[in-house]
Amino acid sequence: MSENNNELSKSYDFADVEEKWLAVWEKQHCFAAGMEEGKPSFSIVIPPPNVTGVLHVGHALNNTMQDVLTRYHRMCGDNTLWVPGTDHAGIATQNVVERQLATEGKSRHDLGREAFIERVWDWRREKGGTIINQLKRLGCSCDWSRERFTMDEGLSRAVREVFVRLYKEGLIYKGDYIVNWCPRCLTALADDEVDHEDCAGKLYHLRYPYADGSGHVVVATTRPETMLGDTGVAVHPDDERYRHLAGVGIELPLTGRTIPVVFDPHVQREFGTGALKVTPSHDRDDYEIGRRHGLAMCKVMDDHGVMNEKAGTYAGLDRYECRKKIVEDLDRLGFLVKVEDYHHAVGQCYRCQTVVEPTTSLQWFVSVKPLADSSVAAVREGRITIYPKTWYNTFYSWMDNIRDWCISRQIWWGHRIPAWSCSACREMIVETTDPASCPSCGSTELVQETDVLDTWFSSALWPFSTMGWPEKTPELATFYPTAILVTSFDILFFWVARMMMMGIHFMDEVPFKDVYLHALVRDKHGKKMSKSTGNVIDPLEVMSAFGTDAVRFTLTAFAAQGREIRLDEERIEGYRFFINKIWNAARFAQMHVSDCDESIKEVVARPKELPLIHQWILSRTARTIHEVRAGLDEYHFNEVASANYQFIWHEFCDWYLEWIKPDLFSTDEVLKNQARGVLLVVLETILKLIHPITPFVTEEIWSVLPGKRSVLMLEPYPERREEWINEPVESDIALLMGIITGIRNIRSESDVHPSRRIEAFVTNVDEKAKNLIAAFTPAIADMTRLSGLHVAPTDEKPSDAATYIFNDIEIYVPLKGLVDVANEREKLSRERNKVEASLNQVLGKLGNRTFLAKAPDAVVAKEKEKKDELEARLARISEAELRLETIS
């Protein structure tokens, strides 16, 4: 708590302010979680970014939203915990260090497993804190003393405990299964680690002869090299074209093998010829068909994507070389019917972009169906709520069709699977501690699995492992389950659903009560951001250019539930002006309240004794408090930003500050102190309301206001003040504002010089409104530079007057003598000619098919924006011309 006599600088230097408050908050341990009995708790765990990562705009959005909620609940007085941390990111991190080694002319195999892992730890100690420091710069108020890492000692213990328990419960097993295989990283990949990109390819139609020589069937494939592993052809059992093939085999070209025809209801008889080549070892769907019909498994490629001995004469060829050679041979031998261009989605490794190869492999799996059923029940019963609700059906559909989860990876960096095989008796030993000998035969010749666990396995335990599980800790008692998980929709199944499964299974409680799924951040045209297209917005760059608060406010303003986020640097710059508006308003206020003490704020205790304008701003403040709190409680982030923006800029700054200037400079001490007291109360309320979104500027302003002050972020959040709400006063002030706006619009649109005094007439008002206008005539005249304001009978309209209608009230301003009609007509004519010429040029481009076909989408979109803007300008010119007609 400190007394402050500082003044705000003329302009807001966000770089200095941000650096200052990050240091203050850290020094004073402002982010530390409290665990006081009797208080409600709010907890949230950060989606751990990869330890290899740097802050991108998706991180900035996600963590801004989390920080807004965390700061809000901390100010509400809750026990508040936001757990930070990073993910060890197995494949990604190993790739980074392997590339580092490659520059030294070495590979991981040159170092050996233990030395390589130590090298990765060295890299993590040196480079792994980058994204954490960037999150701090964003203003994230995590309890940094509790930072976790998915391979730290505590989390490693939790991972082992979970693996062993699931294994002993029969929910983890080792077996052959079809997996996504990366021939470059030499590891299995989970479905979420495969990116599907639309690619231009070929569809090859192949002739497969019947074994009895009576005919043939045509099948199609995008990967003709896999035909060497075909072990059957499948057709629908009700397809009359192929019923005669029961018991008749197929001669597989190039191999000399005969394969059976199987009848499977999953075959789409309407697609193509209705016949499907079945390669169980190299296609996921074919694998399932092969299992249903007992077809042989024939794996024709090795782990490097090279054809193996089962490929016969093609052994030793790379898969793409083999494809080319097989197509040549099929064509030469008459088995190639035709080749078509074909666009299709091709799976690629998410790290190295190598095309993955579906293949059968001996791997470790989690049998997830029992775990998934419990998670689905928790969502259906309302124990977990998903925002926005449009994701429920997608969630249920995926969970109902879930496949067993492949959790083993053939890399070195990660949680090594705690399983050992006995060389003497082949016993499999799975324990939380390293065994010294085989429990079955006593042999000490034990060999540990070389595979590590999928990174998502440890991440799935994040909500409870970060709080000390498997121990029973005070953190778990206070903060589990967490209140909400904020994350991107694209990892709903691969992370969120797995956390549900693990949390319910091991804690007997859901891991979070709410899940908020936000959209991906795209560019202003709705395009995906990518370095190759040059449309990436780097949050660190825009934070340096416009300030962190402006970036945070922009992201919050765009975060509407279920809506795509289209980010534009111009909008960030626009919200920088909003931050500056708050700063300048605070500077103005400080000039008048710097010498006040706490007692001056007591005027708001009796609001109905205050002048009308003060009653109005207090009523609007109370309503804004309600809107903002409701938005935060219901995760309507954009509405929270909008309510703050509307109130601060358009009501507090544009209206209230201007309206009370005469009182602030008044010699009447009562009027002056009423204005100062209300001004200070409302400004303090504004700073508290918007602090969760814009923490830096608000903290700085708060620190220089009069009186003894602790940090703003630990102040209580504003409660709704029912006694301030006054609907009749709001209605009265709205009427006065409508009249003032009308007169100002006429002045502006008619190009009346600001220094000219004018007269205005108001008609069609009742007696109550007439009295109100009469009472506020001096204020209206002062704010619109009037020489006279007249309330006229309804049927009396001045000649040569411009008109503005507000609700049922008509406002007239006589313009004769104020406007040079001939000169204004000439100016409007010149402007019309200029705008029409520009519009014709734009319309010419948009009507040019060649331009539309060849120009980038962003350029076309820009031209369409120009067209809309020019048409709007023409409409305004037409309106101005009509106004001139009324006064000529």
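**Ground rules.** I'm working with a predicted model, where local features need pLDDT of at least 70, side-chain atom pairs count only at pLDDT 80 or more, and totals for chains, interfaces and linings use all residues. Residues are numbered from 1 along each chain as its sequence is written, and side-chain values use heavy atoms, with hydrogens and water left out.

**Aromatic pairs.** I began with the rings. A pair of aromatic rings is described by the distance of the centres and the angle of the planes. My rule was that rings of Phe, Tyr and Trp (its six-membered ring) pair if their centres lie within 6.5 Å; planes under 30 degrees apart are stacked, over 60 edge-to-face, and the rest tilted. That gave me 38 aromatic pairs.

I looked at Trp469 and Phe506, which make an edge-to-face pair, 5.6 Å centre to centre with 65° between the planes. Trp469 sits in the loop between helix H13 (462–465) and helix H14 (474–479), while Phe506 belongs to helix H15 (residues 492–507), 37 residues apart. Helices here are DSSP runs (H or I, at least four residues) and strands likewise (E, at least two), numbered from the N terminus. Is Trp469 buried or exposed? Trp469 is buried, at a relative accessible area of 6%, and Phe506 counts as buried at 11%. For me, buried means under 20% relative accessible area, exposed over 50%, and partly exposed in between (1.4 Å probe, protein chains only).

Next I checked Trp659 and Phe776: their ring centres are 6.1 Å apart and their planes at 80°, so this pair is edge-to-face. Trp659 is in helix H20 (residues 637–664) and Phe776 in the loop between helix H24 (767–775) and helix H25 (777–784), so the pair ties together parts 117 residues apart in sequence. Both Trp659 and Phe776 are buried.

I also noted a cluster in which ring pairs link Phe163, Tyr167, Trp364, Trp405 and Phe457.

**Charges over rings.** I counted a charge as over a ring if NZ of Lys or CZ of Arg is within 6 Å of the ring centre and within 35 degrees of the ring normal. Arg380 lies over the face of Tyr396, 3.8 Å from the ring centre. Arg744 has its charged end over the ring of Trp655, 5.4 Å from the centre.

**Helix H11.** Which residues of helix H11 (residues 392–400) are buried? I found Tyr392, Phe395, Tyr396 and Met399. They cover an arc of only 95° around the axis, which puts them on the same side of H11; the arc is that of the directions from the helix axis to the C-beta atoms. These buried residues pack against helix H10 (369–380), strand E17 (385–387) and H15.

**Cysteines.** I searched the whole structure for disulfides (cysteine sulfur atoms within 2.5 Å) and found zero. For Cys199, the nearest cysteine sulfur is that of Cys352, 14 Å away. Cys199 counts as partly exposed at 24% relative accessibility. For Cys596, the nearest is that of Cys653, 19 Å away, and Cys596 is buried at 9%.

**Asn62.** I found Asn62 in helix H2 (residues 57–75), buried at 7% relative accessibility. Leaving out residues up to four places away in sequence, Asn62 touches Pro47, Val486, Thr487, Ser488 and His518, where contact means heavy atoms within 4.5 Å.

**A sheet.** Last, I traced an open sheet of four strands, ordered E7-E6-E16-E18, with antiparallel pairing. Strands pair if DSSP finds at least two bridges between them. The edge strands are E7 (187–189) and E18 (405–406). Three bridges join strand E6 (residues 172–182) to E7, and Trp181 has Ala188 in E7 as its bridge partner.
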